Amino acid sequence: MNARRIEAGYLPGLAAEEVQWQVLPFAQDGQRLEVAVPVLSAVQMQALAERVRRASAKHLQAMTVSQIIDVIDRATARLLDRDDPYRQQADALLPIVSGYDAEMVCLGLTGFLKTFRAPQLHRFVAEDFPNPKVLDGFQPAAKGGAVRAYGPRLLVHSWAGNVPALALWSLVCGLLVKAGNVGKLPSAEPLFAGWFARLLAEVHPPLADCLAVVWWRGAGGDDAEALYAQADAVVAYGGNEALQAIQRRLPVTTRFLAHGHKLGFGVVAAQALDAARAPALARRAAWDVARYDQQGCYSPHVFYVQRGGTVSSRDFAGYLAAELANLHRRYPRRVLELEESAAVAKWRQSIEWTLPPGADDALMGEPADAWSVAYTDTPKSLAPTALQRCIVVAAVDTLDEVAPAVAGLGAYLQTAGVAAPPEDLYRLAGQLGAAGVTRISALGAMSTPEAGWHHDGRFNLLDLVRMTEIELSAEAAAEPLAPYEP
């Protein structure tokens, strides 16, 4: 079967014939796709970065934040329209490049895009800036004087491709602080960022030169060096080794915001485990496990389930296994690479070897199944599974046992999904927050962060800007010089 070919990236001011192209092959269910990604020289990269910086200074920085939000909202509305050519292209091609089930990609993309509508974006900005007008001009400061926020002249993004469309988070953040944006495509999902850049240029043509989407292999060479040398700030996603490689390339004055690998987990209180609540809760927990096969930084690896409910911890594990089996029938797991299959087999084997005879501990699911649930009747320290819908259910006597089970992993903790009464929720949140958890959600919502969430416990927008202050002393000194003074 012949492969369809498509060009990725977005290069304002550069014609296709002026650059070299590297072809990345993808295939799924008999469909083949060749994605050509642009390979720029160092000179081309430098010129592109300068073009983006000049254009953003002229056009993007002249817009108010509300105007920028309106543009993003209009672009997002088109992507939410199943009849729009951009959305149709995304629905058709993202499953091929990602390997995920088409319906799962469609549902995940729709849920993700909803967080980039105008109401959500206004809340997003207000979360970091009580007075969002501080991004548009000097505003009165509570202590006296005035203050204004300035985004980077050039913000460089290095994106990961483990989840489709993930690039949208940091790209939108860069636009909201009025930065010129240049993003490096991930080889695993090299399509969405370029589509969004083109769509923004269609919706609001003055933005056409305010952003670019490029590619290089691995850590890059002279092309990457040329881009990093011009960046005021760099936002990067990926493994720790990749992040360290980027950081070594940056001047000491360049702001570096790194988002590495994270571990998520869930907590279920006994009060949630009655005959009415437990099956529905297991269904929501299963969706957190199945969505994108645990590739997200917010995906769970262990559920800590309290004993003492009407439904036992062991039975909850059984409910979870049944729901994962149901989800596979509806949203099949993607076909695994050989290394991934080997990792799952190794993880299952490690569980089987530790099963004590006569205990309630169990490994549910056959080796051929597209999911695995390991149940342990003793508290278990948090550790990564093999992903690919592999999950551990660990019984605990009290919720106070959970924080010690995740202790020492603060650098890797992010999301905890919790089902507990209000008093237990807040007490547990205090313990987990002290341990390093930065986000607590309901089960079923672990993989869908709210608009304005503090990614890895940080400020999405405040971390990108610098503040300029007019002190009260300067205002007082200026007053006598006004023409209305005698």
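Leu168, Leu171, Val172 and Leu175 in helix H6 meet Phe192, Phe196 and Leu200 in helix H7, where a contact means heavy atoms within 4.5 Å. Helices here are DSSP runs of H or I with at least four residues, strands are runs of E with at least two, and both are numbered from the N terminus. Sorted by class, this contact comes out as seven nonpolar residues, no polar and no charged ones. Nonpolar covers Ala, Val, Leu, Ile, Met, Phe, Trp, Tyr, Cys and Pro; charged covers Asp, Glu, Lys and Arg; the others, Gly among them, are polar.

The model is predicted, so local features need pLDDT of at least 70 and side-chain atom pairs count only at pLDDT 80 or more, while totals for chains, interfaces and linings use all residues. Residues are numbered from 1 along each chain as its sequence is written, and side-chain values use heavy atoms, with hydrogens and water left out.

Two packed helices are described by the angle between their axes and the distance between the axes. For H6 (residues 168–176) and H7 (residues 192–203), the angle is about 35° and the axes are 10 Å apart. Axes are lines fitted to C-alpha atoms, for helices over the stretch in contact, and angles run from 0 to 180 degrees between N-to-C directions.

Now for another pair: H2 (residues 65–80) packs against H5 (residues 118–128) at about 140°, with 9 Å between the axes. That makes H2 oblique to H5, since angles under 35 degrees count as roughly parallel, over 145 as roughly antiparallel, 65 to 115 as roughly perpendicular and the rest as oblique. This crossing of H2 and H5 is right-handed. On the H2 side sit Val65, Ser66, Ile69, Ile72 and Asp73, which meet Ala118, Leu121, His122 and Val125 of H5. The residues of the H2 and H5 contact split into six nonpolar, two polar and one charged.

What about disulfides, meaning pairs of cysteine sulfur atoms within 2.5 Å? The structure has zero of them. For Cys210, the nearest cysteine sulfur is that of Cys173, 17 Å away. Cys210 counts as buried because its relative accessibility is 0% (buried is under 20% relative accessible area, exposed over 50%, partly exposed in between, with a 1.4 Å probe and protein chains only).

Key. A disulfide is a pair of cysteine sulfur atoms within 2.5 Å. A crossing is left-handed if the near helix is turned anticlockwise from the far one by less than a right angle, and right-handed if clockwise.
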